[in-house]
Amino acid sequence: METRELRYFVAVAEELHFGRAARRLGIAQPPLSRAIQRLERRLGVTLLDRTNRTIALTGAGTVLLREARAALDAVAAAERRTRRAAPGHPGLVLVTKAAATGELLSRLLDAYAAEPSAAAVDVLLCQPGEQERLLRDGRADVALLHRPFDSTAGLDTEELYTEGQVAVLPAAHPLTGRPHLRMADVAALPGLPLPRWPGPDGTYPAGPGPEVRDHAQLLQLIALGRAAAILPDSCRSRLGPELAAVPVLDAPPVTTVIAWPSHSRSLPLAALIRTALRLGSEHGSAALARSG
């Protein structure tokens, strides 16, 4: 199969209309129809159920849509990484969530810049849940991810440090006087629902909590008494006097990892990973001392 054929099929499968797909691709409809027919003959399967008025994916078509998207993403990622490897381009692109791992990131960039073989590092700040996609599609070479919130399947990773989670509440709330809380305590708070974050497709799950896009917006809502949140313990450094943090005993621990594509053989990337491991160990030890 050629990438052109896969692009044609994905357009038809997503639009479920040959005319709209042809306009999207900038080609005429008859050659698009013939290309899909040739693809079906070559594979020996029916990809689309066609009637006079509707088009629907078959089971085989559903599988090919998933695999074609992955294949086209891989080709696009290879193109981006190859261009960045050319002379005159930044050595590395590191992606991380805005307002997350701020202290570690700053120290990492400073320490890595001091290495004799350091390459230039561009930092790409993104919204929660986006850094994994940017790493996989080739727009970034390395990412700081947080398990269990981010998936690391298919990526090479090294753990930097693990921390507990805290409930972030308005400073005047009665529960801030407790030494610790449990998940059920926070979930049952009247008038302080937990936030709703967008999924990979940009839509929000149903629920009573406010829709949030970033941590700055979330912290402002908590300060206004409109929400509560359970966040990694390191968020304490970003809390103003109007907010308070209480440890949540049964919240799952959060592990910060540095992740990169498994096929990467970049020497500058290897040096950055070594620096991150050293600083991650120091950061985790300092966090443990503070919590003790």
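Student: Which residue in β5 stands opposite Val95?
Tutor: Opposite Val95 stands Ala143 in β5, where strands, like helices, are DSSP runs numbered from the N terminus (E, at least two residues, for strands; H or I, at least four residues, for helices). This is a predicted model, in which local features need pLDDT of at least 70 and side-chain atom pairs count only at pLDDT 80 or more, while totals for chains, interfaces and linings use all residues. Residues are numbered from 1 along each chain as its sequence is written, and side-chain values use heavy atoms, with hydrogens and water left out.

Student: In what sense do β3 and β5 pair, and over how many bridges?
Tutor: Strand β3 (residues 92-97) and strand β5 (residues 142-147) pair in the parallel sense over two bridges; two strands are said to pair if DSSP finds at least two bridges between them.

Student: What's the strand order of the open sheet?
Tutor: The order in this five-stranded open sheet is β4-β3-β5-β10-β6, and the pairing is mixed. Its edge strands are β4 (121-126) and β6 (155-163), each of which pairs on one side only. On average, neighbouring strands are turned by 25° against each other, with direction ignored.

Student: How many residues of β10 are buried?
Tutor: Eight of the eight residues of strand β10 (residues 254-261) are buried, so the strand is largely enclosed by the rest of the structure. Buried means under 20% relative accessible area, exposed means over 50%, and partly exposed lies in between, for a 1.4 Å probe and protein chains only.

Student: Switching to helices, at what angle do α1 and α3 cross?
Tutor: The axes of α1 (residues 3-15) and α3 (residues 29-43) cross at roughly 110° and come within 10 Å. Axes are lines fitted to C-alpha atoms, for helices over the stretch in contact, and angles run from 0 to 180 degrees between N-to-C directions. The two helices, α1 and α3, are therefore roughly perpendicular to each other, a label given to angles of 65 to 115 degrees, whereas those under 35 count as roughly parallel, those over 145 as roughly antiparallel and the rest as oblique.

Student: Which residues meet there?
Tutor: Glu5, Tyr8, Phe9 and Val12 in α1 meet Leu32, Ala35, Ile36, Leu39 and Arg42 in α3, contact being heavy atoms within 4.5 Å. Leu39 counts as buried at 0% relative accessibility, and, leaving aside residues up to four places away in sequence, Leu39 touches Met1, Glu5, Phe9, Leu47 and Leu64.

Student: How many salt bridges does the count come to?
Tutor: The count comes to 15 salt bridges, each being a side-chain nitrogen of Lys or Arg within 4 Å of a carboxyl oxygen of Asp or Glu. One of them joins the side chains of Glu132 and Arg136 (2.9 Å, N to O), both of which lie in helix α6 (residues 131-136), four residues apart, about one turn of the helix.

Student: Is Glu132 buried or exposed?
Tutor: Glu132 is buried, with a relative accessible area of 18%, whereas Arg136 is partly exposed at 33%.

Student: Which residues are linked in a network of salt bridges?
Tutor: Glu14, Glu15, Arg20, Arg24 and Arg69 are linked in such a network.
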